[in-house]
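This briefing concerns a predicted model.

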Amino acid sequence: MTSVTEVRRQSSRAPSRDRRRRAPDHAAWFLVLPALIPILVLSVGPLLYGVLLAFTDSQSGRTAPTQWIGGLNFRDLLHDTLFWESFRIGLVWAVGVTVPQFLLALALLLNQDLRLRWLARALAIVPWAMPEVVVGIMWRIVYNPDAGILNETLHDLGLGNGRDWLSSLTTALPAVIVVGVWAGMPQTTVALLAGLQNTPRELHEAAAVDGAGAWRRFRTVTWPALRPVALAITALNLIWNFNSFALVYVLTNGGPGGRTRLPMLFAYEEAFRYGQFGYAAAMGCVMVAVISVLLAVFLVGRIKGGDES
C-alpha cells in the first residue's frame, strides 16, 4: 500500500511539472527573431506608417508641418472617379490574367509520360526566372509597331499591315493581359503539377478498370485532390495580379489615356509625381482593405472545405 507521505510527495511534484510544461520556451523566440525582425522592419512598420500617413495632409516640398486631417483623404477618395476607374481596370486586369493562367496551365500535359517531358517542364518555367522589367522590355519589342515580331508575322500571313498594340485605346489592356498571363503561368503550372503528382496513381488505375472515362476520372479522382492547391494558387494569383506594378509600368506606364492605369500605378503617380503622400497612402489603405477581404473569403472557404471533408 502507498503511504500517506508518498501520496503527498507525488501531489507536490505534479504541480511543479505542470508549471514547467506551461513555462514559455524563451529559446524559441531567439530562433524566430532572425525571420521576425525583417518582417517587422520592412513590412509591418511601413504598413503602420502608411496607415497613419493616410490621415494627414503630407505633401512633398511643403514647408508647413504635416497636420492630422482625419478622414478627409478618404472622403475625397470616394468622389475621385479616376481612382475608381483605375480600381475597375485593376479588377479587370486581375481576373483577366488569373483565369487564363489557371485554364491554360500546362500541368495536365506535363504530368503525362511524354518524350522530352523534362525539356517541356524546363521551358515552361523560363518566364518565371525572368525579372518583370526584362519581360516588359522584351514584350515591348514584340509589340513594336514598326519592326515587332507580332506585326511582322501578321504581315507575312496577310492579316494586317501593322498596329501599335500598346498605344491603341482598344488593344492596350488586352495586350498587357496577354503578357501578364505569359509571365505568371509558370507558378500556376508548377503548383498544379505538384498537386497532380500527389494523387495516387492507383486511384486512376482503379477508376479506369471500373470503366470511367477521362472526364469522369478527372472529376472524381483528379479534381478532389487538386482542388485545395487550385484554390490556393488562384487566390494568391488574384492578389498578386491586383498588386501588379512593374510589368504594366514598363509596358505602358498606365497609358494610353489611363486605359492600363492600375491602382498601384495611380497611387505611385499621386505620391511621386504630384507629391500627395497622404492621399496616396489613403489609396494604399483601400487596396489593403480589398486584399484583406479577398484573404478572408479565401480562408473562410478553406475552413468550410476542411470541415466538409
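In which loop does Pro256 lie? Pro256 is found in the loop between α13 (246-251) and α14.

**The loop between α13 and α14**

- The peptide bond that runs from Gly255 to Pro256 is cis, and its omega is near -10 degrees.
- Asn253 is also placed in the loop between α13 and α14.
- The phi of Asn253 is near 55 degrees, which is a positive value in a residue other than glycine.

**The largest pocket**

- The largest pocket holds about 650 Å³ of space.
- Its lining consists of 23 residues, and those nearest the centre of the pocket are Met264, Gly284, Cys285, Met287 and Val288.
- At least two residues of the lining come from each of α2 (26-53), α14 (263-272) and α15 (277-308).
- The helix that gives the most to this lining is α15, with 10 residues.
- By class, the lining of the largest pocket has 19 nonpolar residues, 4 polar residues and no charged residues.

**Helix α4 against helix α10**

- Helix α4 (residues 81-103) and helix α10 (residues 172-197) have axes that come within 7 Å and cross at roughly 45 degrees.
- Because of this angle, α4 is oblique to α10.
- The crossing in which α4 passes α10 is right-handed.
- On the α4 side, the contact is made by Ile89, Val92, Trp93, Gly96, Val97, Pro100, Gln101 and Phe102.
- On the α10 side, the contact is made by Leu173, Val176, Ile177, Gly180, Val181, Gly184, Met185, Thr188 and Leu192.
- The contact of α4 with α10 comprises 12 nonpolar, 5 polar and no charged residues.

**Helix α8 against helix α10**

- Helix α8 (residues 132-142) packs with α10 at an angle of about 135 degrees, and the two axes are 11 Å apart.
- Because of this angle, α8 is oblique to α10.
- The crossing in which α8 passes α10 is right-handed.
- Val135, Met138 and Trp139 of α8 make the contact with Val178, Val179, Trp182 and Ala183 of α10.
- The contact of α8 with α10 has 7 nonpolar residues, with no polar and no charged residues.

**Helix α4 against helix α12**

- The axes of α4 and helix α12 (residues 214-242) come within 9 Å, and they cross at roughly 150 degrees.
- The crossing of α4 and α12 is right-handed.
- From α4, the residues in this contact are Phe87, Gly90, Leu91, Trp93, Ala94, Val95, Val97, Thr98, Gln101 and Phe102.
- From α12, the residues in this contact are Trp223, Ala230, Thr234, Asn237, Leu238, Asn241 and Phe242.
- By class, the contact of α4 with α12 has 11 nonpolar, 6 polar and no charged residues.
- Trp93, Val97, Gln101 and Phe102 of α4 are among the residues that take part in the contact with α10, and Trp93, Val97, Gln101 and Phe102 are also among those in the contact with α12.

Conventions
Residues are numbered from 1 along each chain as its sequence is written. This is a predicted model: local features need pLDDT of at least 70, side-chain atom pairs count only at pLDDT 80 or more; totals for chains, interfaces and linings use all residues. Side-chain values use heavy atoms; hydrogens and water are left out. On a 1 Å grid over the protein atoms alone, a cavity is a set of points where a 1.4 Å probe fits but cannot get out, and a pocket is an open set with protein on both sides within 12 Å along at least five of seven lines; lining residues have an atom within 4 Å of a point. Grid points are joined across faces, edges and corners, and a volume is the space filled by probe spheres set on the points. Helices (H or I, at least four residues) and strands (E, at least two) are DSSP runs, numbered from the N terminus. Ala, Val, Leu, Ile, Met, Phe, Trp, Tyr, Cys and Pro count as nonpolar, Asp, Glu, Lys and Arg as charged, and the others, Gly among them, as polar. Axes are lines fitted to C-alpha atoms, for helices over the stretch in contact, and angles run from 0 to 180 degrees between N-to-C directions. Angles under 35 degrees count as roughly parallel, over 145 as roughly antiparallel, 65 to 115 as roughly perpendicular and the rest as oblique. A crossing is left-handed if the near helix is turned anticlockwise from the far one by less than a right angle, and right-handed if clockwise. Contact means heavy atoms within 4.5 Å.
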